[in-house]
Amino acid sequence: MEQRGCKAWRERKRSFAFMVVLNILFSVASAQIRYSISEEVSDETVVGNIAKDLGLDKSALKERGYRIVTGSTEPLFQVNQNDGILYVSRKIDREEVCAQTSACLINLKTVLENPLEVHYVGVEVLDINDHSPMFPEHEKALEISESVLPGVRIPLPPARDPDGGPFSVQHYKLSPNDHFRLEVKDKGEDGKIPILVVQKSLDREAARSHSLVLTALDGGKPPKSGEINILANVLDINDNAPVFSKDIYSVMIDENVPLGTTVIQVNATDLDEGSNGDVVYSFSSFVNRRLINIFDINPSTGEIIVKGLIDYEEKDRYEIEIQAADKGFAPLATQKSVIIKIGDVNDNAPVIEVTSFSSSIPEDSRPGTTVALISVNDLDSGLNGKVICSIGEGVPFTLSPSVQDKMFSLVTKSPLDREKQSQYDLTITAKDAGQPSLSSEKTIHVVVSDVNDNRPEFLLSPYTFYVTEGNIPGASVFSVKASDRDENDNALISYHIFRNTSTDNKLTSFLNINSESGDILALKSFDFETLKTFHFQVVATDSGTPPLSSNVTVNVFILDQNDNAPVILYPVSSNGSAEGVEEIPRNVNAGHLVTKVRAYDADIGYNGWLLFSLQEVTDHSLFGLDRYTGQIRTLRSFTETDEAEHKLLILVKDNGNVSLSATATVIVKVVEPKEAFAASDVKSAAKEDEGNDVTFYLMITLGSVSVLFLISIIVLIAMQCSKTTDYTSKYLQEPNYDGTLCHSIQYRSGDKRYMLVGPRMSIGSTIAPGSHANTLVLPDRRSASGEVRLCLP
């Protein structure tokens, strides 16, 4: 017995290997792999090497997240991500998984992420003979009339075997006897039905009963069996069995019909009279228990009614064996099959399943990039099961049908831009073609991840700043700001000053910038008299990979402060002090010009606008001082009583907010006309030498101012980009101011024009309210009078 078992196992093993080879060859042709295993194998039994059979790279399985897509139940199989081997995760009972179907095929859906790749694997669970046939009862009593003729057929209860295929009940055998023989009727899904056939007339007087043993055998090697004892009691008379009115009963009903609905009514008649002719209807004894839960029969009328829920998706056809028996003492019965076909009703909405989903997709993904794999299933059939899948309008995504039926890929159809829209709620609608149509929706959330595709943008371009001279070294003087439409590190901006060796950028060595805030610090104090304007560039760079940057030009104008005191140019004595002696004849008339005090202030505007005043004078009635020109004139003629020497102390101050000043002393000697004439020759020679020195200093001053003027003009021309500059003169209200060196510079900022002015101005000038004391706003009229001037008396 053991040798036969081992031989059978070896044959089974060879058959199993042959089936695996055939399945692999078939999978190559059908683009999927199919394996076979036996039921009841132990946990972690190897089914096959998916990676090897599919030609996948084993080293990339774990990185790409190779897995089996499972439902909510505990999976039967698992795949090893290290080597791609498919193994059994728990014990498989074929009868539990597939009931009694002829082939038990489990379809597995396997997925590789990044990039998305789907493979289908079929595993056929092979049946083993682990169950014996069993009858519903151990004993069966039959009552057979002695008048029955040979050939009468009596159905016997069939045996059931949970195994399928060749291991189910294959045949029956009856214990040897002289009066009965056995026939087997194959009912397809309902199995084989044993039928007891009377082959010899019965004689109740010879034998009141016959004891038989019915044995059911399956197709195992060796076969397993089950038995039932049949006791055939011989009854007297009732020689007519009921006869059905139709040879074939067939009907069609829709699924989900209400309970109690009449399916069909069968009718049978019996030629006997009395109780032997009364017919009672019932299901045959071998009708499946599941059918009894769905249908019922009225024993008096023969009406078959709906008792339970009918679902087309579960079964689309039923065949029920009906029995009509009389009420005779030894009842006779006739069997007839009733075929019930089930019509499909659109009662199942499509089911949407997202089998693999990338919730985040980079904004630079190309059109056609797969976002998710979607399967749609409808349990209905025909048009009721035909599904149309769609996605909402106005989104850069579309559904692309897959090679597999009812499979779709959610892909991008146009470029994405996170800065315009960073996330999408996509509603997928599945609608069948039934009447009325059923549909379902599923919403998935897709996030568009950022890539560094935007450069930093400055708030202004260019920047223009005005800095008052004398700023504190190391303090922030102004700041620039840029923004980036990207996010996270791609929007994290750092600032730096662009430095090179050109002359215009040498000043950047005295500037520093806070790389995070964009605050610009001056490392030294600016001096308007040395530097009036300069420009440089700031670069903003994000932290993306690779980083992107942009730059902006910063124009800086230095504003004047009153930090220079007036300088006395005349009178100046030989020792450098502001003191001089003037001699005038006694006979001069009123209005005679005694002398003129000359002064210069390096500041401009009000800070450089000088006013003269007499601080001390011996006789206020004799001399007068023009406050704007510094001219000292006689107010009246001299008399004999007037002193011969007069001391005048002149204060020269500017018009800054905090005024700065200087003083000059003029000694006026009144001489007789002859003495004045004699001294005039000597004095003229001295003044000529003195005038030469003054002229020399004035030429130096004029040259310096001219150089500064030329530099300013060049910078302004470059800023205006070859645009014609409108110059319009504005003059201070004092009409004849002529007391100091002065200059003016005009420039434009935005839609306004400004002029930095020195003291010498003509009638009609105005100071703009809110200006920096030395800045004039020019009206919009064109004039050629704008100039930089050195003003001398």
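A charge is taken to sit over a ring if NZ of Lys or CZ of Arg is within 6 Å of the ring centre and within 35 degrees of the ring normal. In this predicted model, R598 lies over the face of Y570, at 5.5 Å from the ring centre. The charged end of K532 is likewise placed over the ring of F528, 4.4 Å from its centre.

Aromatic pairs number 13 in the model. Y463 and F465 are stacked, because their ring centres are 5.6 Å apart and their planes lie at 10°. Y463 is buried at 5% relative accessibility, and F465 is buried with a relative accessible area of 15%. A stacked pair is also formed by F534 and F536, with 6.1 Å from centre to centre and 20° between the planes; both of these residues are buried.

Side chains of opposite charge can pair when their charged atoms come close. The count of salt bridges is 15. E419 and R418 meet at 3.1 Å, N to O; E419 has a relative accessible area of 18% and is buried, as is R418 at 9%. Between E672 and R586, the closest N and O atoms are 3.6 Å apart. E672 is partly exposed at 41% relative accessibility, whereas R586 is buried at 12%. Finally, salt bridges with shared partners join K187, R317, E319 and E321 into one network.

Notes:
Residues are numbered from 1 along each chain as its sequence is written. This is a predicted model: local features need pLDDT of at least 70, side-chain atom pairs count only at pLDDT 80 or more; totals for chains, interfaces and linings use all residues. Side-chain values use heavy atoms; hydrogens and water are left out. Rings of Phe, Tyr and Trp (its six-membered ring) pair if their centres lie within 6.5 Å; planes under 30 degrees apart count as stacked, over 60 as edge-to-face and the rest as tilted. Buried means under 20% relative accessible area, exposed over 50%, partly exposed in between (1.4 Å probe, protein chains only). A salt bridge is a side-chain nitrogen of Lys or Arg within 4 Å of a carboxyl oxygen of Asp or Glu.
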